[in-house]
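This report describes one protein chain for a reader who has not seen it before.

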Amino acid sequence: MKNIAFIGLGNMGGPMAANLVKKGFAVTAFDLSAPMLESAVASGCHKAESAHAAIDGADAVVSMLPSGEAVRSLYLGVHGLLQAMTPGTLLIDCSTIAANDARQVIAAASERDIEALDAPVSGGTAAAAAGTLSFMCGGSDGAVERARPVLEAMGANIFHAGPAGSGQVAKICNNMLLAIHMIGTAEALQLGVDNGLDPSVLSEIMRASSGGNWSLEKYNPYPGVMENVPASREYQGGFSVALMLKDLGLAMDTAAGSASSTPLGALAKNLYQLHGGDPINKVLDFSSIQNLFRRPVGD
Ligand code: NAD
């Protein structure tokens, strides 16, 4: 497994492809955006003029695209990449998309004797750059094992969640829970502040008590409590409200498909929708949900 075609060199795909190059893979890259493609070339990727050109001679194709529609239109149909890929090539889609879209692509790949897996990631752009992403894989044991050396070049944790589509299900379960405990943390911190507590002191108390959780301990949403988190830089960078809304939408669609009850997930989506209704908030980190609870100065 030496030659990799990489499609989608955005905020995540760019640094992921760069890490493959650093680990000795020959990466041929394609992106619809010329600036994104040029920056991948600057990090050592070979430039392809089209997705079809990128897969020429590839042992594996890795894609990191914004939506299920983008993934389906890349791979499926008479002009899709699957028709042009050599049987035996491995397909690794790392995009966050609906589990059903992932299953459709993987089933179509299998008809062409192409092993495929969904491998969405957790960790964001910092982990993509550091090569410490977590991959949540869905697919056969054989596909995941074949993909492992490629994934290990970009990540620190490789999980096999189950058959095709399971990586996507694991990802949206995780992000739904993340949204819920981020909102709960912001709400509790604000209640304390409104009643005269210092948010740092309250955070320290809750960290050592039963309210402790990842949002509080590693990604505190209240400005001034932690350094090096988006709350300490006016919520710039990090994981945007828009992307959280995308994942909560996928979670709600999945819940509807399985008739699962997800009342807190639905409320979290509603609160993020309210917050993200202002376009200024939509591009901020998702911990900016704190601002939904904060009172105007002087109130
Ligand atoms: P992005 O918008 O920065 O990058 C996507 C890239 O895909 C763009 O450069 C775009 O030009 C390219 N593209 C779109 N359609 C294409 C096509 N048909 N052929 C070639 N290139 C195409 O998005 P991102 O932040 O890199 O996110 C990518 C995926 O990773 C999404 O599914 C997102 O939900 C997921 N994700 C993002 C983060 C994050 O923090 N940004 C974290 C975890 C998962």
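What distance separates the centres of domain 1 and domain 2, taken over C-alpha atoms? The two centres are 29 Å apart.

## Basis of the model

The model is predicted: local features need pLDDT of at least 70, side-chain atom pairs count only at pLDDT 80 or more, and totals for chains, interfaces and linings use all residues. Residues are numbered from 1 along each chain as its sequence is written, and side-chain values use heavy atoms, with hydrogens and water left out.

## The two domains

Domain 1 covers 3–163 and domain 2 covers 169–292; these bounds come from an automatic or database domain assignment. Twelve residues from domain 1 and seven residues from domain 2 take part in the contact, where contact means heavy atoms within 4.5 Å. Between them the domains bury about 710 Å², with 63% of it on carbon and sulfur atoms. Buried area is the accessible area (1.4 Å probe) that two parts lose on being put together, summed over both. Within domain 1, Thr96, Ala99 and Met136 lose the most area to domain 2, and together they make up 49% of what that side buries.

Zero salt bridges are counted between the domains, a salt bridge being a side-chain nitrogen of Lys or Arg within 4 Å of a carboxyl oxygen of Asp or Glu. There are three residue pairs in polar contact between domain 1 and domain 2, both residues at pLDDT 80 or more. A polar contact is a pair of N or O atoms within 3.5 Å; within protein, one must be able to donate a hydrogen and the other to accept it, and residues adjacent in sequence count only if both atoms are side-chain atoms. Helix 6 (99–111) and strand 7 (121–122) are the elements that give two or more residues to the side of domain 1 that touches domain 2. Helices (H or I, at least four residues) and strands (E, at least two) are DSSP runs, numbered from the N terminus.

## Salt bridges

The whole structure holds five salt bridges. In one of them, Arg72 pairs with Asp101, with the closest N and O atoms 3.0 Å apart. Arg72 is in helix 4 (residues 68–75) and Asp101 in helix 6, so the pair links distant parts of the chain, 29 residues apart. Asp101 is buried at 15% relative accessible area, while Arg72 is partly exposed at 30%. Buried means under 20%, exposed over 50%, and partly exposed in between (1.4 Å probe, protein chains only).

Glu115 forms a salt bridge with Arg146 at 2.9 Å between the closest N and O atoms. Glu115 lies in strand 6 and Arg146 in helix 8 (residues 141–152), so this pair ties together parts 31 residues apart in sequence.

Gln290 belongs to helix 15 (residues 290–293) and is buried, with a relative accessible area of 0%. Its side chain reaches the backbone oxygen of Ala186 at 3.1 Å and makes a polar contact of 3.2 Å with the side chain of Gln190. Beyond its neighbours within four places in sequence, Gln290 has contacts that include Pro221 and Tyr235.

Tyr235 sits in the loop between helix 11 (214–218) and helix 12 (241–257) and is buried at 4% relative accessibility. Its phi is positive, near 65°. Most residues other than glycine have a negative phi.
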